[in-house]
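This dialogue shows how to read a few features of a structure.

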Amino acid sequence: MKQWHLFLAFFRVGMLGFGGGPSSIPLVHKEVVEKYKWMNDDDFSDVLALGNALPGPIATKMAGYIGFRVGGYLGMINAVLATIIPTIVLMVLLLTVLNTYKDKNWVQGMASAVVPVVGVMLGVLTWGFVQKSQNSMGWKITIILLAVSVLLLSVLGVHPAIVIGALLGFALLSRNPGQEKQVKAS
Amino acid sequence: MIYIQIFLAFFIPGVLGYGGGPASIPLVENEVVDHYEWLTVSEFSEVLALGNALPGPIATKMAGYIGYQQGGVPGAIVGVFATVAPSLILMIMLLGLLMKYKDSPRVKKMTNLVRPTIAVLLGIMTIGFFTNAYEGIGIVQTGLIAVCSYFLLEKWKVSPAYVIGAALLYGAFFLGV
């Protein structure tokens, strides 16, 4: 019964969360805290903080961890699969159909009309990341980091993994900015 | 061999994508378009467009479809596993340790420092998409579709599923001739 509820909860999250994993966070909260009461608000915000401290998609980290707490390893697998399988199947089906008719003019028209829309979505996402880093570090550091990233990634063609790895290493090895003092937002 | 490549192509974005699935979009693009050349920019944009039109996490939809395309059902499983497993395993294993450090300034600093780099990667991709659209359908159509979808998505908060659906219809009738 518990496993069935886990499946239902995360199936709904997966099918209703438009806009990628982060937009499904409130849906997970609704199921896990309000509906099934598997954890309280404090536990949930801990899970969220934990998930954000690690890389990778947030939706599957939440599903996996909450599934694990509620129903052990089986619960973990159950919740992750319920989150991701339905939409992957839809995706494969739709794109396969589209590819079958690839040579038809109207399919090519569809494919080219969608490119600017995705461009807008990515542009909005880009601006969101810039704003978030301005909020946490201020304009000065943000602009310096942006400029250095452009130089390394675009002009010198360094692989993103190396740039991000170096930044993570720097954050870990640098002196702690005063024990529990707030990160300076100059 | 192809399975190892699929694994690596999604393992790297999974481990480096700070900020949830959307942050890993440019990292996936870097692997599947630039490095392995499995997809062209416009094929990748189809995957992304459909991914955004459907619900659910974006990272696993990309991994599932591209994995399937390159290596069938086993390829899809490898791609999704490489995306999901590393961070999930870390989360469950390091639970105690992470609980202690989740509010530490150092962890916050990691997320903060990586953000501008992700923004640049996304920005480069955005430019690539618009260049591609401009070369394909010209500046008028590109501008028209971009402005309309911006207002629909951002000002009137229409669900991406409808906006993408409308763009597909528009393309089928007006750009397919």
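## Reading the model

Q: Where is Asp103(A) found?
A: Asp103(A) sits in the loop between helix 4 (58–100) and helix 5 of chain A. Helices (H or I, at least four residues) and strands (E, at least two) are DSSP runs, numbered from the N terminus. The model is a predicted one, in which local features need pLDDT of at least 70, side-chain atom pairs count only at pLDDT 80 or more, and totals for chains, interfaces and linings use all residues. Residues are numbered from 1 along each chain as its sequence is written, while chains are lettered from A and ligands numbered from 1 in the order in which they are written.

Q: Is Asp103(A) buried or exposed?
A: A residue is buried if 20 or more other C-beta atoms lie within 10 Å of its own, exposed if 12 or fewer, and partly exposed in between, with C-beta atoms placed from the backbone. Asp103(A) is exposed because it has 7 other C-beta atoms within 10 Å. Its C-alpha atom and that of Gly71(A), 32 residues apart along the chain, are separated by 48 Å.

Q: Is Ser23(A) buried or exposed?
A: Ser23(A) has 20 C-beta neighbours inside 10 Å and therefore counts as buried. Ser23(A) is placed in the loop between helix 1 (2–16) and helix 2 (25–35) of chain A. From Ser23(A) to Leu54(A) there are 31 residues in sequence and 17 Å in space, C-alpha to C-alpha.

Q: How many helices and strands are there in chain B?
A: Chain B has seven helices and zero strands, in the order α-α-α-α-α-α-α along the sequence. Its C-alpha atoms fill a box of roughly 60 × 40 × 25 Å along the principal axes. Of its 177 residues, 56% count as buried.

Q: Which residues account for 52% of the contacts in chain B with a separation of 6 or more?
A: Two residues are in contact if their C-beta atoms, placed from the backbone, lie within 7 Å. In chain B, that 52% comes from residues 24 or more positions apart.

Q: Which residues touch the most other members of the largest nonpolar core?
A: A nonpolar core is a set of buried Ala, Val, Leu, Ile, Met, Phe, Trp, Tyr and Cys residues joined through C-beta atoms within 7 Å. The largest has 102 residues, and Val114(A), Val117(A), Val118(A) and Ala167(B) touch the most other members. Helix 5 (residues 105–155) of chain A gives the most to this core, with 17 residues. The core lies between domain 1 (2–100) and domain 2 (114–173) of chain A, because both give residues to it. These domain bounds come from an automatic or database domain assignment. The C-alpha centres of the two domains lie 27 Å apart. Leaving aside neighbours within four places in sequence, Ala167(B) is in contact with Ala113(A), Val114(A), Val117(A), Ile145(B) and Ser149(B).

Q: How many residues does each chain bring to the contact?
A: Chain B brings 92 residues and chain A brings 82 residues. Helix 6 of chain B gives the most to the side of chain B that touches chain A, with 35 residues. That side divides into 57 nonpolar, 27 polar and eight charged residues. Here Ala, Val, Leu, Ile, Met, Phe, Trp, Tyr, Cys and Pro count as nonpolar, Asp, Glu, Lys and Arg as charged, and the others, Gly among them, as polar.

Q: What does chain B average in pLDDT?
A: pLDDT is the predictor's confidence in each residue, from 0 to 100. Chain B averages 86, and 97% of the residues score at least 70. The model scores ipTM 0.76 and pTM 0.74.
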